Amino acid sequence: MKHKTVLMALLAAAPVFATSTVLAQTATDKRIVNIQGAPTGDLRNGPLTFRGSPVKATVSSLQIQAGQAVMVAPTGTPLTEARGKRTTTFTGSVGVTRGRLSAKGDKLAYSEASGQGVLSGNPSATFAPEKKEDGDTVTIKAAQMSLDVDNNFSTSTGGVSLTNGPQSGRAEKLVFDEDRELAQLTGTPSLTRAARGNQKELVITGQEVRALTKSKTLYVRGGVKLVQGTTTTTGDAVFYDDKKNVAYVVGNAVSVDSKSGAKITAPASGYIEQNTALGRVLRKNSAYKIPTEQFKLRGEK
């Protein structure tokens with residue numbers, strides 16, 4: 001009788017694994033999570049617990065490793081009928097990779113319904129350059145990171161810091177477009193360009209900072225302020241080219257040197273050009289158009 005009971009349990013479990021594996025491999029819905037290994041728990045209703053050294057899982061282009069994974073279904077729905085609605089919590093030295101992005105944290109909560117994986121517990125991420133000559137590795141730290149499997153976007157919130165070679169940024173929210181290598185910082189954002197040789201530290205603030213991390217060019221808008229040494233330049237927006245060491249400030253542009261008392265005001269139709277390597281500020285009478293199209297997130301109009 002005991003052997004008969006075990007056999008019936010195995011037969012009941014077999015269709016669950018077969019169906020789950022086939023669907024995960026052939027589904028066009030890339031939000032479905034596929035976890036390697038045999039779980040323990042209620043095979044029909046859940047939750048299911050996966051353990052390993054480590055547990056390995058995939059969701060679309062995301063590769064996940066963790067010490068443990070627990071999959072559950074919405075309340076009142078059997079796990080066998082919840083495909084596309086399940087949630088999985090990964091814990092224990094969680095690591096996530098996608099292309100050139102690598103992220104880690106203590107916990108990852110993934111929802112098939114939203115296609116979002118929320119990483120918490122001292123999360124951090126790095127984004128490596130495609131080629132060594134392309135520049136520096138981008139490092140992001142925050143209180144929480146959300147990875148979207150529908151596109152190659154990540155959203156970091158809470159005390160966010162971004163480091164990209166000599167550039168470092170701080171904000172309350174950071175959206176990073178991996179395909180465009182573009183960072184959008186909001187929530188009292190600031191961007192600092194470290195001092196180098198005779199070039200003094202430069203700090204840029206505004207309502208929104210957008211940074212192309214490969215070219216190290218910046219577009220900052222909304223009450224912008226550039227502070228370098230005793231020089232403070234303000235305006236409505238600024239485009240900064242790190243390789244050329246030049247900032248172009250447009251819209252009510254004014255520059256003041258607190259040491260000498262010198263003040264430079266751009267005409268309504270002009271702009272201020274600030275050479276950050278030489279510490280030189282020039283008043284320009286012609287118009288300057290910031291190449292804002294370069295700084296649009298994918299899909300943004």
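## Ground rules

Ala, Val, Leu, Ile, Met, Phe, Trp, Tyr, Cys and Pro count here as nonpolar, Asp, Glu, Lys and Arg as charged, and the others, Gly among them, as polar. This is a predicted model, in which local features need pLDDT of at least 70 and side-chain atom pairs count only at pLDDT 80 or more, while totals for chains, interfaces and linings use all residues. Residues are numbered from 1 along each chain as its sequence is written, and side-chain values use heavy atoms, with hydrogens and water left out.

## The second largest pocket

Let us start with open space. A pocket is an open set of points on a 1 Å grid over the protein atoms alone, with protein on both sides within 12 Å along at least five of seven lines; a cavity is a set where a 1.4 Å probe fits but cannot get out, and lining residues have an atom within 4 Å of a point. The second largest pocket holds about 300 Å³ of space, a volume being what is filled by probe spheres set on the points, which are joined across faces, edges and corners. It is lined by 21 residues, and those closest to its centre are Thr231, Asp257, Gly279, Arg280 and Val281.

Two elements give two or more residues to this lining: strand S20 (254-257) and strand S23 (280-284). Strands here are DSSP runs of E with at least two residues, helices are runs of H or I with at least four, and both are numbered from the N terminus. S20 supplies the largest share of the lining, three residues. Sorted by class, the lining of this pocket has eleven polar, six nonpolar and four charged residues.

The structure holds two cavities of 30 Å³ or more. About 60 Å³ of space lies in the largest cavity, and its lining includes Arg100, Phe127, Asp134, Asp136, Glu181, Lys214 and Lys216. Six of the lining residues of the largest cavity are charged, four are nonpolar and two are polar.

The second largest cavity has a volume of about 40 Å³. Around it sit Leu101, Ala103, Ala125, Ile140, Met145, Leu147, Ser154 and Ser156. Strand S6 (101-111), strand S10 (144-148) and strand S11 (153-164) each give two or more residues to that lining, which has six nonpolar, two polar and no charged residues.

## Three residues up close

Ser154, one of the residues lining the second largest cavity, lies in strand S11. Its relative accessibility is 6%, so Ser154 counts as buried (under 20% relative accessible area; over 50% is exposed and in between is partly exposed, using a 1.4 Å probe and protein chains only). Setting aside neighbours within four places in sequence, Ser154 is in contact (heavy atoms within 4.5 Å) with Ser146, Leu147, Leu174, Val175, Phe176 and Glu178.

Pro123 sits in the loop between strand S7 (116-120) and strand S8 (124-127), and at 3% relative accessibility it is buried. Not counting residues up to four places away in sequence, Pro123 touches Lys104, Gly105, Ile140, Lys141, Ala142, Ala143, Gln144 and Met145. Thr192, in strand S14 (residues 190-193), is buried with a relative accessible area of 18%. Beyond its neighbours within four places in sequence, Thr192 is in contact with Pro166, Gln167, Ser168, Glu201, Leu202 and Val203.

## Aromatic pairs

Rings of Phe, Tyr and Trp (its six-membered ring) pair if their centres lie within 6.5 Å, and planes under 30 degrees apart are stacked, over 60 edge-to-face and the rest tilted. The count comes to seven aromatic pairs. Phe127 and Phe176 have ring centres 5.2 Å apart and planes at 70°, so this pair is edge-to-face. Phe127 lies in strand S8 and Phe176 in strand S12 (residues 167-177), so the pair ties together parts that are 49 residues apart in sequence. Both Phe127 and Phe176 are buried.

Phe239 and Phe295 also form an edge-to-face pair, at 6.1 Å centre to centre and 75° between the planes. Because Phe239 lies in strand S18 (residues 231-241) and Phe295 in the segment after S23, this pair ties together parts that are 56 residues apart in sequence. Phe239 is buried at 8% relative accessibility, and Phe295 is buried at 1%. Ring pairs link Tyr219, Phe239, Tyr248, Tyr271, Tyr288 and Phe295 into a cluster.

## The annotated domain

From the record, UniProt places the feature "domain: Organic solvent tolerance-like N-terminal" (unreviewed entry) at residues 85-216; its positions are given in the numbering used here, feature names are shortened, and annotations may be inferred rather than shown by experiment. Over residues 85-216 the chain is 62% strand and 0% helix, with the end C-alpha atoms 40 Å apart.
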